[in-house]
Amino acid sequence: MLEPDPKVVRELLTRYASLRIAQAERERPATARELADVSYTLCVMMATTGIHDAVAKADALLLAKGRTPDAVRTADPDEESGLSLAV
């Protein structure tokens with residue numbers, strides 16, 4: 001099975017969250033359609049049938065990809081923690 005590109009997954013999760021917020025603030029047909037499209041795309045990309053499972057799998061994928069040897073550094077009091085702000 002092919003693994004989705006983490007950058008694309010992160011972009012979709014961000015778009016999904018933004019659309020959910022926009023729809024909660026003010027329901028609009030265009031926003032609802034776009035939210036349905038993004039939800040469908042996330043489900044297909046993560047090989048799930050429900051958006052909650054897709055979001056959980058996407059989060060797990062991003063967490064796993066964030067733990068590569070380059071991303072994990074020992075904590076040094078004089079340096080940054082090594083945690084990404086882009087998650």
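Student: How many helices and strands are there in the protein?

Tutor: Happy to start there. This is a predicted model, in which local features need pLDDT of at least 70, side-chain atom pairs count only at pLDDT 80 or more, and totals for chains, interfaces and linings use all residues. Residues are numbered from 1 along each chain as its sequence is written, and side-chain values use heavy atoms, with hydrogens and water left out. Helices (H or I, at least four residues) and strands (E, at least two) are DSSP runs numbered from the N terminus, and the pattern along the sequence is α-α-α, which amounts to three helices and zero strands.

Student: In which helix is confidence lowest, and in which is it highest?

Tutor: pLDDT is the predictor's confidence in each residue, from 0 to 100. The protein has a mean of 83, with 75% of its residues at 70 or more. Over residues 71-87 the pLDDT is below 50, and beyond near neighbours in sequence that stretch has eight contacts (heavy atoms within 4.5 Å) in the model. Among the helices, the lowest mean is 94, in helix 3, and the highest is 97, in helix 2.

Student: What percentage of the residues count as buried?

Tutor: Let's settle the classes: buried means under 20% relative accessible area, exposed over 50%, and partly exposed in between, with a 1.4 Å probe and protein chains only. The accessible surface of the protein, from the Shrake-Rupley method with a 1.4 Å probe, is about 6,800 Å², and carbon and sulfur atoms hold 57% of that. Of the 87 residues, the buried share is 23%.

Student: Which residues touch the most other members of the largest nonpolar core?

Tutor: A nonpolar core is a set of buried Ala, Val, Leu, Ile, Met, Phe, Trp, Tyr and Cys residues joined through side-chain atoms within 4.5 Å. The largest one has 15 residues, and those touching the most other members are Val9, Leu13, Tyr16, Leu42, Met46, Ile51 and Ala54. At least two residues of this core come from each of helix 1 (6-25), helix 2 (29-45) and helix 3 (51-65). Taking Leu42 as an example, its contacts beyond four places in sequence are Leu12, Leu13, Tyr16, Ile51 and Ala54.

Student: Which residues does Leu35 contact, leaving aside neighbours within four places in sequence?

Tutor: Leu35 is found in helix 2 and is buried at a relative accessible area of 15%. Its C-alpha is 9.1 Å from that of Ala17, 18 residues apart in sequence. With the neighbours within four places set aside, the contacts of Leu35 are Tyr16, Leu19 and Arg20.

Student: Is Ser39 buried or exposed?

Tutor: Ser39 lies in helix 2. Leaving aside neighbours within four places in sequence, Ser39 contacts Tyr16 and Ile51. Its relative accessible area is 13%, so Ser39 is buried.

Student: Where does the side chain of Thr48 reach a backbone oxygen?

Tutor: Thr48 sits in the loop between helix 2 and helix 3, and at 15% relative accessibility Thr48 counts as buried. Beyond its neighbours within four places in sequence, Thr48 is in contact with Cys43, Asp53, Ala54 and Lys57. At 3.3 Å, its side chain reaches the backbone oxygen of Gly50.

Student: Which side chain does Glu34 meet in a salt bridge?

Tutor: The whole structure holds two salt bridges. In this one, the N to O distance is 2.6 Å, and the partner of Glu34 is Arg15.

Student: What separates the C-alpha atoms of Asp59 and Leu13?

Tutor: Asp59 has its place in helix 3 and is partly exposed, with a relative accessible area of 41%. Asp59 and Leu13 are 46 residues apart along the chain, and their C-alpha atoms are separated by 8.6 Å.

Technical notes. A salt bridge is a side-chain nitrogen of Lys or Arg within 4 Å of a carboxyl oxygen of Asp or Glu. A polar contact is a pair of N or O atoms within 3.5 Å; within protein, one must be able to donate a hydrogen and the other to accept it, and residues adjacent in sequence count only if both atoms are side-chain atoms.
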